[in-house]
Amino acid sequence: MKRQAKCKKRSSVTLAALASHIKMPDDNFSVIEDSEPHEKEKATPSGFNVDDKSHKWLSYPDLKFLEENSEKLSVTMELTGKEFTNPVLDMSGDELEASDYNERSVQELSAVVQNIPIIIQRTATNQQQLDKRYTNELPSLKQPFREQVLREMKKCCHCSGSCLLGLLLTVFPIFQWISQYSFRKYILNDILSGFIIFLLHIPEGLACGLLASVYPIHGLYVSFFPVMVYFLMGTSKHISIGSCAIISLMISNAINAIGAVDSEELSKHNVSFGLYQKNTSEGHEITPPLNSSWPPTKQEAFVVLCLTTGLWQVFLALIRFASFPILLSDQLMSGFTAGVAVLIAVSQIANIFDLHIKIHHGPFRIFYTLNDIFSVLDKVKPATLIISAIALCLLMLVKEQVNVRFQHRLRVPIPIDLILVILATVISYTGKFNTNLGVEILGEFPVGLPTPALPRKDLIGVLTNDGFTIAIVSFVLSLTVAEISAKKKKYPLDPHQEFLALGSANIFSCFFSCFPCSAGISRSLIQESTGGCTQIASLTSSVLMLGFLYAAIPLFYSLPKCILSCVILGALNDMFIQIKELKKIWNISQVDGLIWLVTFVCVVLLDAGPGIIAGAIFSLLTVIYRLSYPYHAVLGSVPETEIYLDKEHYTKLQDVSGIEIFYFGSVINYMNRHIFLSNFKEKTEKQTKRKSLVIDSFANSKVIQKSDEDLLSNKELHHIVIDCSSISYLDATGLNVLLEVMKEMEGKGIPVFLAGCSVPVYEMLKRSGFLTRMTMPIIFPTIHDAIIYALKPDVANTVM
């Protein structure tokens, strides 16, 4: 209908008077007079007065009848947009067809009652009656579990042309969207965005290579080879695959933990087979594989690490395990990012001061590093310190002042990182900083692409654990950035395919001297904000990077190393902003705040890998805690409604005479069975002899009459209703606990009813034979149905 396409509007139905000579149709109309007079109501906003002698309870079909007979019945239907404090009943769908009988069909009429309460007219029912009336009586067509497994296996083993084509389109999504690509509409934006991303890749790639404790050129390789694979297999249109500071730090930790050395230092190590390299920071020994040269070079180590990372990601993608990183919540990743930013900042202090210290890793690495820095602080080179200070000031000035203040005027941020790298290279070359001032420079770069080489197989087992950690972290970082763009641009994203694309990119690029890749957060956001529409932008940056590796890379021979450290520190600002999130997270949830804080502290003290594992374990423990100690309450009734709320929070609720309503907001399983029992007994025992009030709404609706003195005078607990609306699952232990509670209460003469059971819970109760052990009926669709039956079973079919 047209009204469904419009914003919802509310209407006010005001009855000035019901003409006594008009006879309502008996089959669809019911008026129930209140037995007691009410205070005279004030004039309604529309100017009509309501009868002060009685209130009239109207059912759903009355709306259409009143609309058709508005003149005869003196009914005014007036559109308003107000919310009323009186009982409200919103109606939609077929029951609002009255709104289509006039020209106001573009607005959806809701029955918002002002001064005259309108309620639903139906009979009280229980779950057994619902099953009998509304479930399909035909035999179940569900196949046995064994047949289902065999059918799925047969489907997986079945191969056909269409199946292979579907597999090809799934593994390589490029074939799905490239045919729909509009060159006229998108190509210019993609080329421009790709050029900007290429400019960002140069300083970030060189800096991340240095951060990973390898030659900076390898960071540029990561900006080329993985990007080409992700272009073919990725589902995100905007993320920029390449180097990442967080992953680079984890790579540095992994390759230094096994004692890997630079290529030129390998000749200094004359170590025979079977010896080991001692780790002085962690206090444990790493035994190298037999029949291999030890120690390995850093290049051999990170290449194998790239392979193990890719193998883990492909394996997890094939078993459809992309939901595993759900343990890494946003709060956990925020604390992890802030902790890694601290580690990165400390690791770059030595390069800022041009100091040569031992690279530490493992627990308390930050303290070992700071201790070494302070011990050689007198060897700081003034020239390097001045260059670093000027570079940092320039970076902060442009990034925090110019780019932020003029972001609405600038289509793209000023690439100050690349500008700084070029200026520093030119000035260093002109002034011969390396010769005259002793400033350490990058030196020679190999031209072109590296020669393909096979990774060392004997290192795979040594780096498997580190590969798994990096595989998960890189995937979570990439998926987080991809989801931001996907939600903003409203296109689908396949997490399993993302896992497969990243894994395939790592496996392919490990043969070309690359370390593990990930999405760059800042680059991805810039690619989307500069108008990039598809991965054609990434392809453009890769083509430009290929030309750069062949033509321009030798020009950076004179680039000071301290400039790359400044670039890294300048990029940490976005990561340090995560620290500000702690206060916001803590105000929302102290448990989530603890997850952030524990992860941050563990990362800083234990290192990145152990820190995120510790944070994930703590996060999992908080989930278990919340399941084991859920929210529970005793409910009371909102006067003259069917609404039941927590009595401790809503202090003006009314009690139901002799009935206790217990709410438990979690599953019932072996972990929280004792909590359920203790809370249930505590809440119910307090109410056993409590004096209760009678709810006027029951008397008004004639469910209870004033003549029922024996029922109204019953002030002791005689029924318990358990609100099961939030109990989504029962295991065998929970089922036994529920049966134990109901049997115990039944022995005391207090029946226990279950209200609002979900379909899985109800089906489990039926399959277990639970219902056959209890006196029926005990299960009701709503709390109100259960209370009506408990108060007066012989009139359970009375109008509510």
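Reply: Happy to. In this predicted model, helix H6 passes helix H20 in a right-handed crossing. H6 covers residues 183-211 and H20 covers residues 536-551, and their axes lie 7 Å apart at an angle of about 50°. H6 and H20 are therefore oblique to each other. On the H6 side, the contact is made by Ile187, Asp190, Ile191, Ser193, Gly194, Phe195, Ile197, Phe198, His201 and Ile202, while H20 brings Ile536, Ala537, Thr540, Ser541, Leu544, Met545 and Phe548. Sorted by class, the contact of H6 with H20 holds 11 nonpolar, 5 polar and 1 charged residues.

H6 also turns up around another helix. Helix H21 (residues 561-571) is mostly covered, with 8 of its 11 residues buried. Those buried residues are Cys562, Ile563, Leu564, Ser565, Cys566, Val567, Ile568 and Gly570. What covers them includes H6, along with helix H11 (330-347), helix H12 (349-352), helix H14 (382-405), helix H15 (416-431) and helix H22 (573-576).

Helix H8 (residues 225-233) and helix H18 (residues 495-509) have axes that come within 8 Å and cross at roughly 145°. H8, too, passes its partner H18 in a right-handed crossing. Here Phe225, Pro226, Val229, Tyr230 and Met233 of H8 meet Gln497, Glu498, Leu500, Ala501, Ser504, Ala505, Phe508 and Ser509 of H18. By class, that contact has 9 nonpolar, 3 polar and 1 charged residues.

Moving on to the strands, you will find an open sheet of 6 strands, in the order E9-E8-E10-E11-E12-E13 and with mixed pairing. Its edge strands are E9 (644-646) and E13 (779-780), each of which pairs on one side only.

Within that sheet, look at strand E10 (residues 659-664). 6 of its 6 residues are buried, so E10 is largely enclosed by the rest of the structure. In a regular strand, side chains alternate between the two faces of the sheet. In E10, Ile659, Ile661 and Tyr663 point one way, whereas Glu660, Phe662 and Phe664 point the other way, and all are buried.

With E11, E10 pairs in the parallel sense over 5 bridges, and Phe662 stands opposite Ile722 in E11. Further along, strand E12 (residues 752-755) and E13 run parallel, joined by 2 bridges, with Ala755 opposite Phe780 in E13. Helix H29 (residues 732-747) lies across E11 (719-723) and E12, running at about 140° to E12.

To put these parts in the setting of the whole chain, the secondary structure comes to 31 helices and 13 strands. Of the 800 residues, 50% count as buried. Among contacts with a separation of 6 or more, 81% are between residues 24 or more positions apart.

Technical notes
Residues are numbered from 1 along each chain as its sequence is written. This is a predicted model: local features need pLDDT of at least 70, side-chain atom pairs count only at pLDDT 80 or more; totals for chains, interfaces and linings use all residues. Side-chain values use heavy atoms; hydrogens and water are left out. Axes are lines fitted to C-alpha atoms, for helices over the stretch in contact, and angles run from 0 to 180 degrees between N-to-C directions. Helices (H or I, at least four residues) and strands (E, at least two) are DSSP runs, numbered from the N terminus. Angles under 35 degrees count as roughly parallel, over 145 as roughly antiparallel, 65 to 115 as roughly perpendicular and the rest as oblique. A crossing is left-handed if the near helix is turned anticlockwise from the far one by less than a right angle, and right-handed if clockwise. Contact means heavy atoms within 4.5 Å. Ala, Val, Leu, Ile, Met, Phe, Trp, Tyr, Cys and Pro count as nonpolar, Asp, Glu, Lys and Arg as charged, and the others, Gly among them, as polar. Two strands pair if DSSP finds at least two bridges between them. Buried means under 20% relative accessible area, exposed over 50%, partly exposed in between (1.4 Å probe, protein chains only).
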